[in-house]
Amino acid sequence: LTEAEREAAQQARSRLEGEWNRASDCRRVMAAMPGLRRPPWLASLERSPVLATKNATHTDKVMVVLERCAAGIGLTLPHWPDRARLCDHQSPLTLGSDTELLKYCGKRLEVVHGEDTSNGWAYTHALGKLKAYQALLVTEQAFSNVPLADLEQGELEKLMPPLALDREATTAESTKEATAEGAKVTTVATGEHT
């Protein structure tokens, strides 16, 4: 999170504590807060088939959890100490987050600080919906691309990270300098260790 996003998350956390018991109200408060982190994938998930058949209350309950996590506000239960949070400002939720690991961390917090009496609405249902959305993205997009074996060399190089394409960085001169300093260098073109 940026410094501004961190500050907005802290303000949202203090604004949301205690007084809001409806997910739709919490969502309205968060939507009105400037600077709060709102990744675009949240809106895509809300419009996706994962939540399309759910009523507004169900959708709000799921989305408020994911929005709090993505913004870095974090999740806690009323009887947990403030330091016991999932997805706080140090590790906000992303589209690539490991939902099973987060559920496991939540269960560990429940063992130490008390169980979720909301029958999974505190975090389990929402993380399950995120996992379903992640799977949907993989099934929709992963197999619609051309196989890498069918791509031309130039097209393959466009997919590579910039540093892997920088073949000039592994000239004999730079390799000698790095080796002289005791570092191991792998040339990108040949994969040789020097």
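Entry 1: Helices here are DSSP runs of H or I with at least four residues, strands are runs of E with at least two, and both are numbered from the N terminus. Reading from the N terminus, I get α-α-α-α-α-α-α-α-α-α.

**Entry 2: what I am looking at.** This is a predicted model, where local features need pLDDT of at least 70 and side-chain atom pairs count only at pLDDT 80 or more, while totals for chains, interfaces and linings use all residues. Residues are numbered from 1 along each chain as its sequence is written, and side-chain values use heavy atoms, with hydrogens and water left out.

**Entry 3: surface and burial.** I looked up the accessible surface, which comes to about 12100 Å² (Shrake-Rupley method, 1.4 Å probe). Carbon and sulfur atoms hold 55% of that surface. Of the 194 residues, 38% are buried, meaning under 20% relative accessible area with a 1.4 Å probe, protein chains only.

**Entry 4: contacts along the chain.** I took a contact as heavy atoms within 4.5 Å. Among contacts with a separation of 6 or more, 59% join residues 24 or more positions apart.

**Entry 5: the core.** Which residues touch the most other members of the largest nonpolar core? They are L36, W41, L45, L66, I73 and L93, in a core of 41 residues. A nonpolar core is a set of buried Ala, Val, Leu, Ile, Met, Phe, Trp, Tyr and Cys residues joined through side-chain atoms within 4.5 Å. Helices α1 (3-16), α2 (23-31), α3 (40-47), α4 (49-52), α5 (56-71), α6 (99-113) and α7 (124-141) each supply at least two residues of this core. The most comes from α5, with eight residues.

**Entry 6: two residues up close.** Beyond its neighbours within four places in sequence, L66 contacts L42, L45, L93, A126 and L130. Next I checked T99, which sits in helix α6. T99 counts as buried because its relative accessibility is 3%. Setting aside neighbours within four places, T99 contacts L127, L130, K131 and Q134.

**Entry 7: α2 against α5.** How do these two helices pack? Their axes are 8 Å apart, at an angle of about 40°. I note that axes are lines fitted to C-alpha atoms over the stretch in contact, with angles from 0 to 180 degrees between N-to-C directions. That angle makes α2 oblique to α5, since under 35 degrees is roughly parallel, over 145 roughly antiparallel, 65 to 115 roughly perpendicular and the rest oblique. On the α2 side I find A23, S24, C26, R27 and M30 in the contact. From α5 come D60, K61, M63, V64, E67 and R68.

Notes:
Buried means under 20% relative accessible area, exposed over 50%, partly exposed in between (1.4 Å probe, protein chains only).
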